[in-house]
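Me: I am new to this structure and would like to go through it slowly, asking at each step what a term rests on. Please set each value against its cut-off before you conclude.

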Amino acid sequence: PRVEKGIVSSIRLYTYERVTPIISAKSFLWSPFLSKNFATFSELFSHYQHLTFALSSDNDKEAANAAKGMLKALPKINTEGFSAEQKSTFDDIAADIQEHSEHIGDNIGNIAHQREHLVVLSKDFYDIAKEFGTEKPMYKIFCSMYDDNKGAYWLSDSKEVKNPYYGEDMLTCGEVQEELK
């Protein structure tokens, strides 16, 4: 039999022709071998990371570009392997991501407004990471000073703090609260 190779969460998965592998929605979502047009959460998270980096660099134009990238990646997520509950959860999160990405993309020149929308986006991406897992470790980093000391968090693929809420003014304000795997 012909063997097709794919990578699921850094583990090789071998399937044979005419055999449908039984895999969880978590590993299904992270598997890039399903289709060249299939975006995984990796692509979506990559645009989110681009957004947080742009905001930490005080670059509203790049933040808008990253948000537009999320809008393009979002509809490519294949939900066929989701349970009904996971599909419902993802649909709610996806609607939020779309709304807040649109606001960020449409607000070049208003970085404060872009940062306000990052708060909700970060909650959405945290929910995705908790519900579906992550391909590689992610870190939840909290800045206690943002929004009149109410605080806000963001996710990063590095423990290094680069604060997207204050940018260059307070680039290292924040602390790692949680590692997501």
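Me: What makes Lys-87 and Phe-90 contacts of Thr-79?
Reply: In this predicted model, contact means heavy atoms within 4.5 Å, and once neighbours within four places in sequence are left aside, Thr-79 is in contact with Lys-87 and Phe-90. Thr-79 itself lies in the loop between helix 3 and helix 4.

Me: Why is Thr-79 called buried?
Reply: The term buried is kept for residues under 20% relative accessible area, and because Thr-79 has 18% relative accessibility, it counts as buried.

Me: And why is Ala-64 called buried?
Reply: The cut-off is again under 20%, and Ala-64, at 0% relative accessibility, therefore counts as buried. Ala-64 is found in helix 3, and beyond residues up to four places away in sequence it touches Ile-104, Gly-105, Ile-108 and Gln-114.

Me: How do you know that Asp-60 has no salt bridge?
Reply: A salt bridge needs a side-chain nitrogen of Lys or Arg within 4 Å of a carboxyl oxygen of Asp or Glu, whereas the nearest side chain of opposite charge to the buried Asp-60, that of Lys-61, is 5.9 Å away.

Me: What makes Glu-43 and Lys-76 a salt bridge?
Reply: Their closest N and O atoms are 3.8 Å apart, and the limit is within 4 Å, so the pair qualifies. Glu-43 lies in helix 2 and Lys-76 in the loop between helix 3 and helix 4, so the pair ties together parts that are 33 residues apart in sequence.

Me: Why is Lys-76 called partly exposed?
Reply: Partly exposed covers what falls between buried, under 20%, and exposed, over 50%, and because Lys-76 stands at 38% relative accessibility, it counts as partly exposed.

Me: How do you know that the length of helix 4 agrees with its number of residues?
Reply: At 1.5 Å a residue, the 22 residues of helix 4 should span 32 Å, and because its end C-alpha atoms are 31 Å apart, the two values agree.

Me: What puts the buried residues of helix 4 on the same side?
Reply: The buried residues of helix 4 include Phe-90, Ile-93, Ala-94 and Ile-97.

Terms used
Residues numbered from 1 in each chain as written. Predicted model: local features only at pLDDT ≥ 70, side-chain atom pairs only at ≥ 80, totals over all residues. Heavy atoms only, no water. Buried < 20%, exposed > 50% of the residue type's maximum accessible area, 1.4 Å probe, protein only. Lys, Arg positive; Asp, Glu negative; His and termini not counted. Helix = DSSP H or I, 4+ residues; strand = E, 2+ residues; numbered from the N terminus. Expected span 1.5 Å × (residues − 1).
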